[in-house]
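Let's take a friendly walk through part of this protein model. Have the sequence and the 3D view open as you read.

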Amino acid sequence: CNSQNNSKDYEKWLKIKRKTIKTTYNIFDFDKSQVLRKKFNNKKIIFGIIARLAPEKNLFYLLKIFKEIKSKNIYLKILGKGYLLNRLKKYTHKVKINDKVSFLSETNNVKNFISKLDVFILTSYMEGIPNVLLEAQNQSLPIFSTRVGGIDECVVENYTCTFISKNSPKLASKKILNTIKDKKFFEKKDFDKIKFKLNKFQSKNVLKTIE
């Protein structure tokens, strides 16, 4: 399995001994040359997510958070495809946030999309190791995320990532608004610190585990 937390969950589900299922992380080699982020402008703060438009990504919950935020200068971009697209669009009109939320089709240039964001946000209720969070940190992008699956294994908590409530849009929106008041949240992070903390994803270390 690609996450320790998910390995534990599978062991409980299968009713087998602990540490029967081994953890081998996804390979992600951090490369400093990929830090491409645009300069931050607090007049227009852009949140973004890359995800399949499927139930486990909990995108209706994400839209409920933005309904609560009610800030004139905060926008959301959702990149991805899936059968929930039309329902999600209808919901944005229903709760009157369609002027704040935009939907984009798939792209082959994930780095370019991330480089145009100010904040990455993930509200899944089920995850393994989401590579998009590794991509976001590789560009020193601050993250808000629910704490599920292997997410806490692939972020630097309270440095690159701030965790939010996974079942209360009001609490999540309050945490977001309070956090972004601090200018330090948007400061470019120390790339070497991120790389050191997430060293287990480097190919040489993953290959050692497999061997």
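This is a predicted model: local features need pLDDT of at least 70, side-chain atom pairs count only at pLDDT 80 or more; totals for chains, interfaces and linings use all residues.

Start with helix 3, which spans residues 85-94. Leu 88, Tyr 91 and Thr 92 are buried in this helix. These three cover an arc of only 100° around the axis, which puts them on the same side of helix 3.

What lies over the buried residues? The cover includes helix 2 (59-69) and strand 3 (101-104). After helix 3 comes Lys 96, with a positive phi near 60°.

**Helix 2 against helix 6**

Helix 2 also packs with helix 6 (residues 169-179), at an angle of about 60° and with the axes 8 Å apart. Because of that angle, helix 2 counts as oblique to helix 6, and the crossing of the two is right-handed. The residues that make the contact are listed here.

| Helix | Residues in the contact |
|---|---|
| Helix 2 | Tyr 61, Lys 64, Ile 65, Glu 68, Ile 69 |
| Helix 6 | Pro 169, Lys 170, Ala 172, Ser 173, Ile 176, Leu 177 |

Sorted by class, this contact between helix 2 and helix 6 has 7 nonpolar, 1 polar and 3 charged residues.

Notes
Residues are numbered from 1 along each chain as its sequence is written. Side-chain values use heavy atoms; hydrogens and water are left out. Buried means under 20% relative accessible area, exposed over 50%, partly exposed in between (1.4 Å probe, protein chains only). Helices (H or I, at least four residues) and strands (E, at least two) are DSSP runs, numbered from the N terminus. The arc is that of the directions from the helix axis to the C-beta atoms. Contact means heavy atoms within 4.5 Å. Axes are lines fitted to C-alpha atoms, for helices over the stretch in contact, and angles run from 0 to 180 degrees between N-to-C directions. Angles under 35 degrees count as roughly parallel, over 145 as roughly antiparallel, 65 to 115 as roughly perpendicular and the rest as oblique. A crossing is left-handed if the near helix is turned anticlockwise from the far one by less than a right angle, and right-handed if clockwise. Ala, Val, Leu, Ile, Met, Phe, Trp, Tyr, Cys and Pro count as nonpolar, Asp, Glu, Lys and Arg as charged, and the others, Gly among them, as polar.
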